[in-house]
Each structure stands twice: as structure tokens, then as C-alpha cells.
Amino acid sequence: MAPPQTHDDWTTLYFEATQIFSPSAPVDEGELFAGRSAEISKLIEAILERGKHVILYGERGVGKTSLAQVFRYLFPSIIQKFKLIREQVDPSDDFSSIWRKIFKDINVSIREEGVEQTISLADLYDKEITPGDVRREISRCFKASDIPVIVIDEFDKSRDDSIRQLTANLIKALSDYSANITILIVGVADDISELFAEHESISRCVEQVSMPRMSNNEMKEIIQKRLPRLGMKIDPDALWKIVTLSRGLPSYVHLLGLYATQDTIEHRRKTITERNVDAAIKRSLERSQESIQREYASAVHTNRQDTLFTEVLLACALAQTDDRGLFAPNAVVPPLSKILNRSITIANFQNHLKKFISEERGRILIRLGKERAYKFRFRDPMMQPYVIMKGVEDEMLEAKSLDVLSSPAQPQLPI
Ligand SMILES: Nc1ncnc2c1ncn2[C@@H]1O[C@H](COP(=O)(O)OP(=O)(O)OP(=O)(O)O)[C@@H](O)[C@H]1O
Ligand SMILES: [Mg+2]
């Protein structure tokens, strides 16, 4: 790629960066999709097995929709055979309305008075659609050589309880009839019982694919797959900082990657340095959603000087977590000791944790598990990198102390 020379060249590059990083949209191009090989293999194996269906679940924003959208591009030899239909559940949807949307995407030929016509399958149903209707229609809509996959995304969103039971019935029936189709249910959940209360009845015919947070290598790949397209590079320290701050959440990698790239281009350079990442942190804090800023302020507000809510929350955000973002109270000790520069015990902040799960502080954290083995996590995963960036920006923490962070995949965070 020829280096940009004119003002227009740099402006073009700036906008190309906007196209390549997608902080708020799922990835829809195979080549820009990073990592996730274990989840892809599980998914594809289940799709190719007759009678198996898939439940893909995990925290908000970890990349579920992207995976459900992109997996077929990773299999070029059979990509033609995949017939992917994707719909997402709205809060008002029930079983019948979501299948009506799916039926709208399926065309069928009918013969009326000797004339062949193509209509949408939904046109054949003016009343409710039942699991039995779906099973019958699905079995005759696709060719035997097709690999049909129906993705029902945002499954957790429906307020209608019967959708869960009816979908479980459908999955069971499709499996019993060995229908040539895979239903791929995608939703935010810690555990599949949140999506299907009585999941035992379908446990044999579904593959549960849990989507963990990304490892550092996967997050690095997000940046490394994009920069060459812009003819740009990144210093190892800058890459380390983006990855460290993002806490396994790909949308932050995109956001910091985008802003750091844009800042570098504004300075007419093609290698991203740590200073560009610092500028990106500033920009992302300024532009972060007002709701996040408000929730943060309400969680740490205090009338007195010495109540340490800000510091404890920062330490929670830095605490070592498992791959679902959960941390135990003792994981807060090392970062808090570092932030306060003195030795700390759980007793010093137990009360703060209690407050953070209360309404009074906007339930910024949620608590799971049993007494004495409680685990915590941020209710909104997107809050966690925000809290860290705020800490770095407000100089509560030196950037080099970020080495107190560690992720389950790579405790040493080497780059
Ligand atoms: N494997 C990946 N490679 C590169 N970017 C990714 C990958 N997975 C997700 N992303 C990016 O992360 C962000 C969140 O992805 P996505 O929307 O797929 O997550 P999600 O789990 O479906 O979120 P939600 O729970 O809000 O529906 C998007 O900006 C997307 O572009
Ligand atoms: Mg999604």
C-alpha cells in the first residue's frame, strides 16, 4: 500500500479505520473474525450431527452474535450448503411471532389454479404457529444436501415464558424425527437453566456452547487482523495496554483500537504508540454512554473523604476473574493493596461489596453463589473496562501497575 501523502489520503485512511473496527456491530466477515477456534469446532460438529441443536450462551458482549454469523465463512468448501436464517427475539415476541418472522424468510412454491407461485411460508399461516407446524414445514423446505441453520438470537429477551417451553418441545421433536435442520439458540446467560428452566428434557439433543471472555491472544488478533489492511502497525506496549484494559471484552478492543488508530492518523503517523492509546482512553471516557457515566457516579458517590468506594470499585475491576468475569473477594486484596499502597484485608472492604450489590449504589455488582463462597461480577460487563480506564485517567493507578491485572488465560500477560 502506498503511504498516504495528501490530506485526502489521510482522511480516507481515517474513514477506512472506521469501517474496519466495529465497536458496536457484530463481525460479519470471516477474515476479520478473531480466535474462538474451540467454540467454532463445537458449533460445527453439532451442526453436522443429525438431531443435535445448539445453545450458545454467555455474558453480554462477548461475541455470541458474531460467532453465529461468521462460522460458515470459516468453512469455504461447504459454505454454499449452509442455509442460514437469523432472527432476533424482541421483548414482545412469543413462540408464534418469532417463527412468523423466520417463516417470512423462507420461500415456498405453491401451485394455484395450475400456476406456480412463490410465496413466503408466513403467508400460509394466518393463525398461531405451533411447534408441530414448524417441524412439518421445516422438514420439507430444504433439500437433503442443504445444511439449514436457524439462529434465534437474543433468546433471553422475550417476556413470554411459554416461548422457552415451546422451543424445548420443538427441539425435542426435531431431534426425535431426525430432521435435517439445526436450531441455534443464542442468549445472554450464566448458565443454560436461565434460558431453559427444564433443560434436562433436551440435554441429550443440544450441545451447550458457552462463550467465555476472550483470551489475550484472541484480543491481540482483533487488532493484528485489521491494522495491515490500513498499512499500519502497533508498538507492543500499546497493544499490551489495549488488551489489558479490555478485560476479555471484544467491543473495548474495537473501541480502543479505533480511537488509537484515529489518533495516530491525526498525527500523520502509521505506527500506534502507547501515547495514542492514552489518547484513546481519554476519548472513550468522554464518549462513553451517559448511562455508564451515571451508573459509575452513583456507585462511588460519597459525602465523606475516606470511604474508598472509588478505590474498592477499581480494585474489583482489576481483580482476577474466571472466564465468565466472576471474582472472589480475596482477588480484590492484591489490587486494592497496590492502589492504596498498604496492606489490606477482606474486612476492610466487605462492607463496600455489600453496598455495591445494593439498590442504593445501583447494583453495580451482582453476587452469585453461596455464603462463604460468594463470587461477584459487574452487572453490566461493559462497566468493568470503564472503571479501569477511569482509574488510569484519574491517576489512581499508574499504568505500569496494570500488571496487577491478570487474566485466566495468560496470568503473566506477556506480549
Ligand atoms: N471473534 C471476534 N473477532 C473480532 N471482533 C469480535 C469478535 N467477537 C466479537 N467481536 C466484536 O465484539 C463486539 C460484541 O460482539 P457481538 O455483538 O457478537 O457480541 P454478543 O455476545 O452477541 O453481544 P450481546 O450480548 O450484546 O448480544 C462487537 O463489536 C464485535 O464486532
Ligand atoms: Mg448479540
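The C-alpha centres of domain 2 and domain 3 lie 39 Å apart in this predicted model, the domain bounds coming from an automatic or database domain assignment. That assignment gives domain 1 as 7–23 + 215–287, domain 2 as 36–211 and domain 3 as 290–404. Residues are numbered from 1 along each chain as its sequence is written, and chains are lettered from A and ligands numbered from 1 in the order in which they are written. Because the model is predicted, local features need pLDDT of at least 70 and side-chain atom pairs count only at pLDDT 80 or more, whereas totals for chains, interfaces and linings use all residues.

**Domain contact**

- The contact takes 4 residues from domain 2 and 4 residues from domain 3, two residues being in contact if their C-beta atoms, placed from the backbone, lie within 7 Å.
- On the side of domain 2 that touches domain 3 there are no nonpolar, 1 polar and 3 charged residues, where Ala, Val, Leu, Ile, Met, Phe, Trp, Tyr, Cys and Pro count as nonpolar, Asp, Glu, Lys and Arg as charged, and the others, Gly among them, as polar.

**Helices H8 and H9**

- The axes of H8 (residues 236–246) and H9 (residues 250–266) come within 9 Å and cross at roughly 145 degrees; axes are lines fitted to C-alpha atoms, for helices over the stretch in contact, and angles run from 0 to 180 degrees between N-to-C directions.
- Helices (H or I, at least four residues) and strands (E, at least two) are DSSP runs, numbered from the N terminus.
- Ala238, Ile242, Leu245 and Ser246 in H8 meet Tyr252, Val253, Leu256, Gly257 and Ala260 in H9, a contact with 7 nonpolar, 2 polar and no charged residues.

- Not counting residues up to four places away in sequence, Cys316 touches Phe327, Val332, Leu365 and Phe376.

**Positive phi values**

- Arg247, in the loop between H8 and H9, has phi near 55 degrees, a positive value in a residue other than glycine.
- Arg247 counts as buried because it has 24 C-beta neighbours inside 10 Å; a residue is buried if 20 or more other C-beta atoms lie within 10 Å of its own, exposed if 12 or fewer, and partly exposed in between.
- Arg268, in the loop between H9 and strand E9 (271–272), has phi near 60 degrees, a positive value in a residue other than glycine, and is exposed, with 10 other C-beta atoms within 10 Å.
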